Amino acid sequence: MAKAKDMTGSSTVAKINLGQLARDNGTFLALIALIVINMVITPNFLQVQTLYVNLTQVATIAIVAIGMTLVIASGGIDLSVGAVMALSGALAPFVFLSEFGMASPGLALVLSITVALLAGLLCGMFNGWLINQFAIQPIVATLVLFISARGLAQVLTNGNLQVFENPAFEFIGSGRVLGIPFQALMAVVFALILSWVVRRTAYGRYLLAVGGNAKAARLSGISVNRVRLATYAICGVLAGFAGMVVSAINSASDANQTGQLMELDAIAAAVVGGANLMGGKAPIIGALIGAAIIQLVKYTLLANGVHDAVALIAKAVIIILAVYFQFNRAE
């Protein structure tokens, strides 16, 4: 009898552990399930070219989602990332296509990348400053650049497509390192660095404290304004880099289309990756997996003949499921 009770108890513990394991690793298990489903139903899914295409397309979402995860961890949101991508993506070729750029191509390349990243940095700091200075909601503060940054990019380019040939710059979007797309490699590097920063540095601890309870963080001596400023600045730089990647892939900058709806993809990837919209959690690696899930769902539907518009509905369903599981986990 005692032995039967022990077996029942062990079985219950095993079920609880499996349930806990599924809840803790739901995002990763969903990614594995998507890969298995594609192996069964999607023709040519296991080909190297398919992997390359998916890595290329997911990299920009992942890079922006990493920054968005930090912002969400601070208790905020950033709706301007797509517009910042358009601005940075337009500024870089603007520099190396100038007369100075033609005369000194090497120096112009470095300057163009610096200017594009600096633009992203300043945009992020502007968002942080608005939130700190006027104590307004992040969703409202970032609407300013959501509208004006793309407008500025359109003014710079007269609303026209800027086509260019610059193999050194195009390497950002089409280059490979050991056969791996450069931008995908950079997404992983950014994720590893920022994951370490969140886990091991004072900034990481302050970030989670501010996102968890800003008032308590302020009372404990943390400079909430500086943490927010740094967080939005990092998000802006990553968006600026992603904007250059898109321009480099297309060998052209399109202020009208670059980064369109990217803010929604980035928020979706962050939430699916485990970010809590109430703040206090920064699952950077989860953002990478979340971006991969968003990309794979879209690829699965398109590769199997489903209309592109259905992918938007599927994306919405994924977000609802992610929020539902987050709510249950919190409960």
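This briefing describes the overall form of one protein and then some of its local features. The model is predicted, so local features need pLDDT of at least 70 and side-chain atom pairs count only at pLDDT 80 or more, while totals for chains, interfaces and linings use all residues. Residues are numbered from 1 along each chain as its sequence is written, and side-chain values use heavy atoms, with hydrogens and water left out.

**Overall form**

- The protein contains 15 helices and four strands; these are DSSP runs numbered from the N terminus, with helices being H or I of at least four residues and strands E of at least two.
- Its radius of gyration is 22 Å, close to the 20 Å that the globule rule gives for 331 residues, so the protein is as compact as a globular protein of that length. The radius is taken over C-alpha atoms, and the rule is 2.2 Å times the number of residues to the power 0.38.
- The C-alpha trace spans about 90 × 55 × 35 Å along the principal axes of the protein.

**Burial and contacts**

- Of the 331 residues, 48% are buried (buried means under 20% relative accessible area, exposed over 50%, and partly exposed in between, with a 1.4 Å probe and protein chains only).
- Among contacts with a separation of 6 or more, 77% join residues 24 or more positions apart; a contact means heavy atoms within 4.5 Å.

**Helix α12**

- Helix α12 covers residues 224-250, which is 27 residues.
- From its first C-alpha to its last, α12 reaches 40 Å, close to the 39 Å expected at 1.5 Å a residue; the expected span is 1.5 Å times one less than the number of residues.
- In α12, 19 of the 27 residues are buried, so this helix is largely enclosed by the rest of the structure.

**Residue I222**

- I222 is found in the loop between α11 (214-219) and α12, and it counts as buried at 12% relative accessibility.
- Leaving aside neighbours within four places in sequence, I222 is in contact with Y206, A209, V210, A217 and V227.
- The C-alpha atoms of I222 and L192 are separated by 25 Å, and these residues are 30 residues apart along the chain.

**Positive phi angles**

- S251 is not a glycine, yet it has a positive phi of about 50 degrees; it is found in the loop between α12 and β4 (252-253).
- N158 is not a glycine either, and its phi is positive at about 55 degrees.
- N158 is found in the loop between α7 (138-156) and β1 (162-163), and it is exposed, with a relative accessible area of 65%.
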